[in-house]
Amino acid sequence: MKHVGLKLAIAAIVVSFVSAVPARADSAAVRNCTWCHGTDAQGYTVAPRLAGQRPQYIMSQITSFHQHTRDNPFSRQYMWGAVAALNPVTARDLADYFASIPPRPANDGDAALAAKGKRIFMDGIPEANIVSCYACHGPNGEGIRDIPRLGGLAYFYVKARLEQWGQGYHSTPGSPMPMVASHLGPEEIEALASYLSFVR
Amino acid sequence: MILASPSVEADLPGGGQGGRTTKAGLWFAVLAAIMTMAFSASAGAQEKMARAAGGLEAKLEYCKTCHGLSGQGYLGYFPMPRLAGQQPEYIEAQLKAFIERRRTNPIMFNVAHVLSPSMMSALANHFHHLNPPPFGGAPRGAVALGKRIYEEGLPESNVPACSACHGADAHGQNEIPRLAGQVYPYMVGQLSGWSKQRGQGTAVDTSAIMAPTAHNLTRSQIEAVAAYVSNLR
């Protein structure tokens with residue numbers, strides 16, 4: 001077939017316009033997310049992995065961006081605008097879609113700190129009033145309901161979030177994370193972020 | 001905290017001239033030194049009290065991270081029970097049970113084993129005085145059955161009325177815990193898993209009565225009772 005590449009490209013463009021079903025990998029709604037969050041939703045640079053995330057958590061964050069309660073710099077700069085026109089039905093579909101993609105661990109932490117990070121994750125540091133992350137986020141950081149999956153998130157993302165809460169940025173109303181993170185020192189944050197980046 | 005004796009000697013009338021130190025001057029210097037040390041000792045105690053008060057507040061924040069910002073409980077990966085309005089004797093007994101591993105819970109063991117006895121009392125007393133509304137969320141269908149079991153027991157199953165010990169208002173007394181407003185999945189988990197988690201009890205721990213009681217309740221009876229008490233204030 002002559003010009004097979006061109007014909008395939010045209011077919012692909014036509015199909016992507018025609019398919020109105022949201023939350024397929026090639027749908028416009030999903031592509032608006034994967035621009036930044038990675039074509040396979042596994043995360044890309046500063047944008048966190050969405051694959052395998054708790055759907056209720058994704059929904060709560062979308063709501064938080066809508067209501068401007070989550071106010072860390074990148075959220076304010078990118079996410080507030082990104083979800084401004086998102087209706088609840090599409091948001092729910094997107095959350096379910098991303099939740100269904102098998103997550104891949106980022107594996108980009110410092111392996112030397114992983115053991116220390118695991119100890120802090122499982123036991124906390126009671127003498128320093130640092131709670132056990134495991135109590136809410138589960139033994140493998142898998143989360144539950146609207147408590148997010150942390151296992152396998154990128155080192156720099158987890159580190160940034162923990163630092164931001166310590167600096168006074170806000171989360172969804174009622175979230176204990178600002179209080180939790182305010183007790184963490186830089187070494188503990190690096191250890192936790194390193195450990196989590198390797199967790200399947 | 002600098003001992004003031006040298007300058008005191010110099011400031012005394014007639015003292016310090018040509019380096020001569022009078023007997024009175026020396027006695028005064030010693031007295032001044034003692035008083036300085038006495039004041040600094042009490043300042044040290046005040047500092048310690050301030051640190052302890054800060055210690056209590058920090059520790060309370062730590063507890064409330066998991067148990068709810070008003071002690072009303074929280075649903076994490078595990079359900080965390082309500083501590084608000086709880087009997088202080090019960091809280092202290094549980095903390096000791098966690099430390100001695102008579103009650104199996106690795107997270108609470110870590111939390112509890114760094115607490116001093118006075119800290120435990122202070123925490124228990126603080127939570128006893130909190131009174132937020134119940135956490136809620138229990139299914140409502142079996143509440144009527146739960147109320148009947150709570151008030152009358154199940155004579156045919158050798159289950160005593162819960163109200164006999166826990167009180168008609170489910171507020172408990174002494175070492176018997178308050179159940180009113182307790183988190184539903186927590187109650188269900190405790191009653192259905194009693195022998196696994198709560199150990200065998202000891203002569204000191206009157207919770208041993210709960211082992212046969214929980215054992216004789218069926219799952220749906222447990223859920224009914226838990227749903228009933230979880231709505232009580």
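Axes are lines fitted to C-alpha atoms, for helices over the stretch in contact, and angles between them run from 0 to 180 degrees between N-to-C directions. The model shown in these views is a predicted one.

**View 1. Helices α8 and α10 of chain A pack against each other.** Helix α8(A) spans residues 155-167 and helix α10(A) spans residues 186-197. Their axes lie 8 Å apart, at an angle of about 145 degrees, and the crossing is right-handed. From α8(A), the residues that take part are Tyr155(A), Val158(A), Lys159(A), Leu162(A) and Glu163(A). They meet a set in α10(A) that includes Ile189(A), Leu192(A), Ala193(A) and Leu196(A). By class, the residues of this contact are 7 nonpolar, 2 polar and 3 charged.

**View 2. The largest nonpolar core has 47 residues.** The members that touch the most others are Leu153(A), Val158(A), Leu162(A), Leu192(A), Ala193(A) and Leu196(A). Leu162(A) is in contact with Ala181(A), Leu184(A), Ile189(A), Leu192(A) and Ala193(A), leaving out residues up to four places away in sequence. Another core, of 21 residues, lies apart from the largest one, and its members include Val183(B), Leu217(B), Ile222(B) and Ala227(B). In soluble globular proteins, nonpolar side chains tend to be buried together.

**View 3. Chain A meets chain B.** On the chain A side 17 residues are in contact, and on the chain B side 13. Two elements of chain A, α7 (134-137) and α9 (177-181), each give two or more residues to the side that touches chain B. The most come from α7(A), which gives 4 residues. Sorted by class, the chain A side holds 10 nonpolar, 5 polar and 2 charged residues.

**View 4. Ile144(A) lies in a loop of chain A.** The loop runs between α7 and α8 of that chain. Is Ile144(A) buried, partly exposed or exposed? It has 17 C-beta neighbours inside 10 Å. A buried residue needs 20 or more, and an exposed one has 12 or fewer, so Ile144(A) counts as partly exposed. Not counting residues up to four places away in sequence, Ile144(A) touches Gly138(A) and Tyr77(B). Thr45(A) is 99 residues from Ile144(A) in sequence, and their C-alpha atoms are 26 Å apart.

**View 5. Helix α6 of chain B has buried residues on one face.** This helix covers residues 143-152, and its buried residues are Gly146(B), Ile149(B) and Tyr150(B). Why do they line one face? Seen down the axis of α6(B), they fall within an arc of 100 degrees, so they line one face of the helix. An α-helix has 3.6 residues a turn, so residues three or four places apart point the same way. Among the elements covering the buried residues of α6(B) are α7 (163-166) and α11 (219-230) of chain B. After α6(B) comes Gly153(B), with a positive phi near 75 degrees.

**View 6. Helix α8 of chain B also has buried residues along one face.** In this helix, residues 184-192, the residues Tyr184(B), Tyr186(B), Met187(B) and Gln190(B) are buried. Down the axis of α8(B), they fall within an arc of 160 degrees, so they line one face of the helix. Their cover includes β2 (79-80), α9 (194-197) and α11 of chain B.

Key:
Residues numbered from 1 in each chain as written. Chains lettered and ligands numbered in written order. Predicted model: local features only at pLDDT ≥ 70, side-chain atom pairs only at ≥ 80, totals over all residues. Core = buried A, V, L, I, M, F, W, Y, C linked by C-beta atoms within 7 Å. Contact = placed C-beta atoms within 7 Å. Nonpolar A, V, L, I, M, F, W, Y, C, P; charged D, E, K, R; others polar. Left-handed = near helix turned anticlockwise from the far one by under 90°. Arc of directions from axis to C-beta.
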